[in-house]
Amino acid sequence: MRIDPKGTIAGYPSLQVRRALRQLDQHVEWDLDRLEAITGEGRGLVKALATAGLVELTRKGFWSITRAGKALSSATAAPRVKRVTAERALGEFLGRVDFVNRRPVFLAKVVEVVLFGSMLKPEVDRVSDVDIAVEIVPKESNPERARAINERRVLELELLGRRFRGFLDRELCWYWEAFHYLKGGSRVISLANLKAEGEIVLAGAHQILYAGGDWKPDAPPRAKVVRRREKPSAESPFF
């Protein structure tokens, strides 16, 4: 999914709306105070987002992101790229999937990868982005042990200078560390949560690349991840 970086959504700059949705989507639900703290906007923004179907009221005074909002939050504003560039970005992403699943420093693993969008149209030479949906689950199946391991990771990152915004940010450290690494800072990769957006993704044309612990025979080749050797930081999973 692509948005016009110079356009508007619900009467607000499109990049502002996408940024707000990305931040709000880190919370199961949120109230007006949290919205204002995150975006600097108030009732006008939430009313516009609700009218556009991007957020919905969950209970009195609280809202959450809708499926349409989740899809928009993962949209790209980058210019269209040549297919060869997109294919290279896809191969690098798939290599990072293998890396996350192998490396114990990541507390999460990828259990399914689905490609959808313009990359599935071979006649399109310049694609808007590489649309990928992933399902990410904890590597540790025991919930109590998983929470304890996650808390240790949080403490490690805090010692390295990482700051967590609140309880939910700490609780989902295992998820977001893997998700952001998979994204790799790429402007070409548009990454979605398959568990949250699967109904939309699977309703249209799509290709399952990885599932059940195996790559599908028609999955594109995966680029090898080269480990960095610089001193690790709070944002780096290389230890």
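How many cavities of 30 Å³ or more does the count come to? The count comes to 1 cavity, and the largest cavity holds about 50 Å³ of space. Please keep in mind that this is a predicted model.

**Cavity**
- Rolling a probe the size of a water molecule over the atoms shows where empty space is left.
- The lining of the largest cavity is made by Gln26, His27, Arg165, Leu168, Asp169, Leu172 and Trp176.
- Sorted by class, these lining residues are 3 nonpolar, 2 polar and 2 charged.

**Second largest pocket**
- The volume of the second largest pocket is about 240 Å³.
- Its lining consists of Leu107, Pro138, Lys139, Glu140, Ala146, Arg147, Ile149, Asn150, Glu151, Glu171, Leu172 and Trp174.
- Helix α6 (residues 143-159) is the element that gives the most to this lining, with 5 residues.
- The lining of the second largest pocket has 6 nonpolar and 5 charged residues, along with 1 polar residue.

**Helices α2 and α3**
- Two packed helices are described by the angle between their axes and the distance between the axes.
- Helix α2 (residues 32-39) packs with helix α3 (residues 43-51) at an angle of about 100°, and their axes are 9 Å apart.
- Because an angle of 65 to 115 degrees counts as roughly perpendicular, α2 is roughly perpendicular to α3.
- From α2, Leu32, Leu35 and Thr39 meet Arg43, Leu45 and Val46 of α3.
- The residues of this contact of α2 with α3 comprise 4 nonpolar, 1 polar and 1 charged.

**Helices α5 and α8**
- The axes of α5 and helix α8 (residues 173-183) cross at roughly 150° and come within 8 Å.
- Angles over 145 degrees count as roughly antiparallel, so α5 is roughly antiparallel to α8.
- On the α5 side, Phe93, Arg96, Val97, Phe99 and Val100 meet Ala178, Tyr181, Leu182 and Lys183 in α8.
- This contact of α5 with α8 has 7 nonpolar and 2 charged residues, and no polar ones.

**Salt bridges**
- Side chains of opposite charge can pair when their charged atoms come close.
- There are 9 salt bridges in the structure.
- One of the salt bridges joins the side chains of Asp98 and Arg222, at 2.5 Å from N to O.
- This pair links distant parts of the chain, 124 residues apart: Asp98 sits in helix α5 (residues 83-102), and Arg222 in the segment after β12 (214-215).

Technical notes
Residues are numbered from 1 along each chain as its sequence is written. This is a predicted model: local features need pLDDT of at least 70, side-chain atom pairs count only at pLDDT 80 or more; totals for chains, interfaces and linings use all residues. Side-chain values use heavy atoms; hydrogens and water are left out. Axes are lines fitted to C-alpha atoms, for helices over the stretch in contact, and angles run from 0 to 180 degrees between N-to-C directions. Helices (H or I, at least four residues) and strands (E, at least two) are DSSP runs, numbered from the N terminus. Angles under 35 degrees count as roughly parallel, over 145 as roughly antiparallel, 65 to 115 as roughly perpendicular and the rest as oblique. Contact means heavy atoms within 4.5 Å. Ala, Val, Leu, Ile, Met, Phe, Trp, Tyr, Cys and Pro count as nonpolar, Asp, Glu, Lys and Arg as charged, and the others, Gly among them, as polar. On a 1 Å grid over the protein atoms alone, a cavity is a set of points where a 1.4 Å probe fits but cannot get out, and a pocket is an open set with protein on both sides within 12 Å along at least five of seven lines; lining residues have an atom within 4 Å of a point. Grid points are joined across faces, edges and corners, and a volume is the space filled by probe spheres set on the points. A salt bridge is a side-chain nitrogen of Lys or Arg within 4 Å of a carboxyl oxygen of Asp or Glu.
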